[in-house]
Amino acid sequence: MPDTALLIIDIQNDYFPGGAMELEGADAAGAKASRALKSFREKQLPIIHVRHLSTRPGATFFLPGTKGADIHASVTPGKGEAVVEKNFPNSFRSTGLQEILEKGQIKNLVVAGMMTHMCVDATVRHAADLGYKVTLLGDACATRAQAYGGESVPARQVHAAFLAALNGFYAKVIRSDEL
């Protein structure tokens with residue numbers, strides 16, 4: 001498994017209770033991601049943290065220099081663990097993520113993160129398009145309710161729909177206890 005890395009996407013304070021963009025199930029997902037992180041550390045496997053900093057005009061969360069933009073305590077980066085900062089949903093766009101993976105000869109990614117329907121989705125699809133084998137820890141991800149065309153879609157349904165769409169072609173979606 002030395003060619004496997006854990007990629008933790010945007011598990012940041014603003015997504016947790018009291019944050020500027022609270023997600024449903026953030027605490028539970030953070031705890032599952034924390035367990036995966038512990039496992040990778042014990043096995044001395046590569047770990048990459050991704051941190052979103054919102055630089056677009058009118059942004060209301062992940063603002064640079066705020067506590068909300070900090071990585072959550074449940075997955076605090078350890079010494080020697082890479083931290084990639086991004087400004088777009090896709091963790092590969094305008095970042096050094098791909099170079100880090102190439103340098104480490106990484107072929108497989110285990111992914112946890114937030115939000116399932118946005119940054120996790122964009123990153124997993126791009127990773128698969130680049131040829132990485134992706135395992136997505138579905139219970140180590142969280143999202144929020146969405147609305148379209150006058151219809152409200154509960155967070156659990158948004159989460160399930162995106163995991164179902166990714167499972168198969170783009171990733172193997174599993175529970176963290178299956179890791």
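Select Q44 to start. This residue follows helix α1 and has a positive phi, near 55°. Helices here are DSSP runs of H or I with at least four residues, strands are runs of E with at least two, and both are numbered from the N terminus. The model is predicted: local features need pLDDT of at least 70, side-chain atom pairs count only at pLDDT 80 or more, and totals for chains, interfaces and linings use all residues. Residues are numbered from 1 along each chain as its sequence is written, and side-chain values use heavy atoms, with hydrogens and water left out.

**Helix α1**

Step back to residues 26–42. This is α1, with 17 residues. From first C-alpha to last it reaches 24 Å, close to the 24 Å expected at 1.5 Å a residue. The expected span is 1.5 Å times one less than the number of residues.

Now colour by accessibility. Buried means under 20% relative accessible area, exposed over 50%, and partly exposed in between (1.4 Å probe, protein chains only). The buried residues of α1 are A26, A29, G30, A33, A36, L37, S39 and F40. Show what covers them: the cover includes β1 (4–9), β2, β4 and β5 (133–142). Contact here means heavy atoms within 4.5 Å.

**Salt bridges**

Side chains of opposite charge can pair when their charged atoms come close. The cut-off is a side-chain nitrogen of Lys or Arg within 4 Å of a carboxyl oxygen of Asp or Glu. The structure holds 9 such salt bridges.

Stay on α1 and pick K38 and E42. Their closest N and O atoms are 3.9 Å apart, in a salt bridge. Why is the separation about one helical turn? E42 and K38 are 4 residues apart in helix α1, so about one turn separates them. An α-helix has 3.6 residues a turn, so residues three or four places apart point the same way. Both E42 and K38 are exposed.

Next, pick K32 and D139. Their side chains meet in a salt bridge at 4.0 Å, N to O. This pair links distant parts of the chain: K32 is in helix α1, D139 in strand β5, 107 residues apart. K32 is partly exposed at 25% relative accessibility. D139 is also partly exposed, at 25%.

Go to D70 and R51. Here the salt bridge is 3.8 Å, N to O. D70 sits in the loop between β2 and β3, R51 in strand β2, 19 residues away. D70 is partly exposed at 35%, whereas R51 is buried at 16%.

**Backbone stops**

Select F62, in the loop between β2 (47–52) and β3 (82–86). Its phi is near 60°, positive in a residue other than glycine. Buried or exposed? F62 is buried, at 1% relative accessibility.

Jump to Q105, in the loop between α2 (97–103) and β4. Q105 is not a glycine, yet its phi is positive, about 55°. This residue is exposed, with a relative accessible area of 59%.

Then select M114 and M115. The peptide bond from M114 to M115 is cis, with omega near -10°. M115 lies in the loop between β4 (108–114) and α3 (116–129).

**Cysteines**

Finish with C119 and C141. How many disulfides does the whole structure hold? A search finds 0, taking a disulfide as a pair of cysteine sulfur atoms within 2.5 Å. The sulfur of C119 is 11 Å from the closest cysteine sulfur, in C141, too far for a bond. C119 is buried at 4%, and C141 is buried at 6%.
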